[in-house]
Amino acid sequence: MIYFDNSATTKVLPEVLDTYNKVSEQIWGNPSSLHNFGEQAFNLLEQSRKQIADLLNVHPDEIYFTSGGTEGDNWVIKGTAIEKREFGKHLITTSVEHAAVRNSFEQLKQLGYDVTYLPVDDEGRISIADLKAAIRPDTTLVSIMAVNNEIGTIQPIKEAGELLKNYPKIHFHVDAVQGLGKGIQDQIFNDRTDFAAFSGHKFHAPRGTGFIYGRRGRRIAPLMNGGGQEKNQRSGTENLPGIAAMAKAIRLVLEKEPSAIDTERQIKQLIMDHISQFDKVTIFSKNDDTFAPHILCFAIKGVRGETIVHAFEKQGIYISTTSACSSKDHTESGTLNAMQVPDDIATSAVRISLGDHNTLDEAKQFVKVFDQLYEEFDKLS
């Protein structure tokens with residue numbers, strides 16, 4: 001099997017699973033309990049928080065544990081809207097966000113908030129000039145993804161942060177779900193980012209784990225009310241085995257980051273160089289510093305994306321039709337639509353997303369299978 005769908009989810013690393021199992025078996029106390037067993041659990045919780053903070057060069061009290069990226073994005077966006085509603089109800093995001101962000105804003109629109117969706121260019125990237133023009137006196141939130149999950153565009157979040165230094169009362173949120181371990185931590189954690197959301201299953205941690213970074217002094221309203229965990233910001237008994245495992249996963253991923261990025265770039269280039277020779281192929285991703293190293297999106301004109309996915313699946317190669325979260329809807333890519341790519345091309349788009357375990361040999365096998373399938377598709381069309 002060749003697994004090229006790592007932006008959808010990653011395999012839990014054996015070492016990470018070992019940590020999860022050990023904590024589940026040995027430290028199952030509730031971190032909120034007063035007895036010694038609860039104290040052991042609490043200490044491990046805080047050790048995990050400090051480990052993550054140290055790895056990301058932030059403060060431990062700026063890390064809040066969640067169930068994943070969707071919760072994190074929902075919490076920051078809706079929490080900001082609630083917390084700052086008396087100061088304004090204008091919010092800004094982009095036209096290429098993940099559904100977790102987009103649908104959160106759409107719900108707020110139904111509640112009377114005004115949302116501006118920034119357009120993108122032919123690479124799926126926003127303009128800082130457009131962002132500046134969109135800001136109003138009643139703007140309370142700007143939310144921009146770090147890496148586009150469909151084609152891999154790196155948004156100018158550092159430049160956006162520089163602009164927003166002139167507007168200190170506006171919250172700046174970054175959906176960083178696709179960004180960890182991809183060499184852009186300095187952009188995600190620029191000195192103006194207020195909040196960033198992360199999802200454990202995107203970097204070899206168990207599903208149902210995640211965290212947000214929340215800058216000291218920035219407040220959002222809690223969405224989960226209850227026992228007062230996470231400093232009264234996110235109630236609910238903490239998923240201690242998952243959190244400890246996630247902390248280990250982050251350490252392992254960041255240790256391998258330089259070599260993994262280099263290999264991912266080589267794999268991506270090999271595939272791009274090959275498939276670009278075919279007349280009916282359109283490539284939407286690039287392999288430079290303006291795009292993430294692990295995502296490659298392309299289309300074969302005249303062949304629907306799900307047909308391409310299933311054809312590769314029969315050969316033991318797993319890819320996706322752009323965002324796996326919405327692939328079963330059989331709709332064209334939201335990002336490509338925002339880029340004004342014609343529907344007949346957008347509905348043919350598929351995504352390869354690489355991980356630190358993928359190899360050049362797998363890429364060579366992919367292009368062999370691609371040649372075979374392209375010939376079959378060409379005969380059918």
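**View 1. R218 and D194 form a salt bridge, with 2.9 Å between the closest N and O atoms.** A salt bridge here is a side-chain nitrogen of Lys or Arg within 4 Å of a carboxyl oxygen of Asp or Glu. R218 sits in the loop between β8 (210–214) and α8 (229–232), and D194 in the loop between α7 and β7, so the pair ties together parts 24 residues apart in sequence. Helices (H or I, at least four residues) and strands (E, at least two) are DSSP runs, numbered from the N terminus. R218 is partly exposed at 22% relative accessibility, whereas D194 is buried at 2%. Buried means under 20% relative accessible area, exposed over 50%, and partly exposed in between (1.4 Å probe, protein chains only). A network of salt bridges links R192, D194, R215 and R218.

The model is predicted: local features need pLDDT of at least 70, side-chain atom pairs count only at pLDDT 80 or more, and totals for chains, interfaces and linings use all residues. Residues are numbered from 1 along each chain as its sequence is written, and side-chain values use heavy atoms, with hydrogens and water left out.

**View 2. K165 and D191 meet through their side chains in a salt bridge (3.3 Å, N to O).** K165 belongs to the loop between α6 (157–164) and β6 (171–175), and D191 to the loop between α7 (185–188) and β7 (195–199). K165 is partly exposed at 37% relative accessibility; D191 is exposed at 53%.

**View 3. R136 pairs with D114 in a salt bridge, the closest N and O atoms being 2.8 Å apart.** R136 is in the loop between α5 (128–134) and β5 (139–145), D114 is in strand β4 (residues 114–118), and the two are 22 residues apart. Relative accessibility is 31% for R136, which is partly exposed, and 35% for D114, also partly exposed.

**View 4. G68 lies in the loop between β2 (63–66) and α3 (69–83).** G68 is buried, at 5% relative accessibility. Not counting residues up to four places away in sequence, G68 touches F198, S199, T209 and G210, where contact means heavy atoms within 4.5 Å.

View 5. The contact takes 26 residues from domain 1 and 23 residues from domain 2. Two salt bridges are counted between the domains. The side chains of E123 and K286 form a salt bridge (2.4 Å, N to O).
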